[in-house]
Amino acid sequence: TETLDPEAAGALLNQHFADLEACIRPTGGVIDKYMGDGLLAFWGAPESLADHPQRAVEAALAMARAVRHRNATAASPLRLRIGIATGEILVGDLGAPTRTNYTVIGDAVNVAQRLLEMGHVASPDHETVIVTTAACLAKIAHRARPPVRPLGRHQVRGRQGMVELVEVLDPVAGSAAVTG
């Protein structure tokens with residue numbers, strides 16, 4: 001947004017969010033909120049979805065392809081960082097008595113945000129980076145697991161102990177397509 005006026009930045013973000021929403025909704029995901037140039041989405045509520053980790057990865061890969069497609073002809077290419085975590089969350093209206101917001105909270109929400117941040121460090125020059133935990137990946141049926149690049153064990157801010165991380169790669173276009 002440094003080189004764009006506010007109206008142009010708003011138009012770019014609206015189109016970007018529309019592209020991402022078109023990847024999230026078909027997998028059963030729900031966009032919780034937009035936060036600046038990012039968004040928070042979740043799977044498995046209000047209806048439980050046993051395969052929510054697989055659906056989240058499928059949406060992430062679709063988002064990577066959408067960004068790659070957009071960037072092929074865009075004057076200002078975008079970069080995308082995605083963090084995927086799984087675990088129990090609370091979904092509902094939260095906030096102060098005078099102002100509530102339908103949202104999600106829980107450790108998995110915090111971990112997903114930290115993994116997104118780690119994408120900036122794991123592959124800083126890549127167009128798109130999808131980071132998840134090995135434990136999340138293990139919840140996806142073996143035949144449906146995408147290829148990954150191990151990132152090793154890391155201390156995730158706000159968590160005790162080390163977490164095994166992986167970068168999800170695009171099985172259709174190969175790692176170069178996901179990683180720019």
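This is a predicted model: local features need pLDDT of at least 70, side-chain atom pairs count only at pLDDT 80 or more; totals for chains, interfaces and linings use all residues.
Contact here means that heavy atoms lie within 4.5 Å.

Select helix H1, residues 6-24, together with helix H2, residues 52-71, whose axes come within 8 Å of each other and cross at roughly 140°. Since an angle over 145 degrees would be needed for roughly antiparallel, H1 is therefore classed as oblique to H2. Viewed as a crossing, the passage of H1 over H2 is right-handed.

Now show the side chains at this contact: from H1 come Leu12, His16, Leu20, Cys23 and Ile24, and these meet Ala59, Ala62, Met63, Ala66, Val67 and Arg70 of H2. Sorted by class, the residues of the H1 contact with H2 are 9 nonpolar, 1 polar and 1 charged.

Next, select the four strands of the open sheet, which follow the order S3-S6-S8-S7 and show mixed pairing. The edges are held by S3 (80-84) and S7 (148-155), and because each has a single partner strand, one side of each is left without a neighbour in the sheet. On average, neighbouring strands of this sheet are turned by 25° against each other, with direction ignored.

Zoom in on S3 and on S6, residues 128-133, which pair in the parallel sense over 5 bridges; within this pair, Leu80 is found opposite Thr128 of S6.

Note on methods
Residues are numbered from 1 along each chain as its sequence is written. Side-chain values use heavy atoms; hydrogens and water are left out. Two strands pair if DSSP finds at least two bridges between them. Helices (H or I, at least four residues) and strands (E, at least two) are DSSP runs, numbered from the N terminus. Axes are lines fitted to C-alpha atoms, for helices over the stretch in contact, and angles run from 0 to 180 degrees between N-to-C directions. Angles under 35 degrees count as roughly parallel, over 145 as roughly antiparallel, 65 to 115 as roughly perpendicular and the rest as oblique. A crossing is left-handed if the near helix is turned anticlockwise from the far one by less than a right angle, and right-handed if clockwise. Ala, Val, Leu, Ile, Met, Phe, Trp, Tyr, Cys and Pro count as nonpolar, Asp, Glu, Lys and Arg as charged, and the others, Gly among them, as polar.
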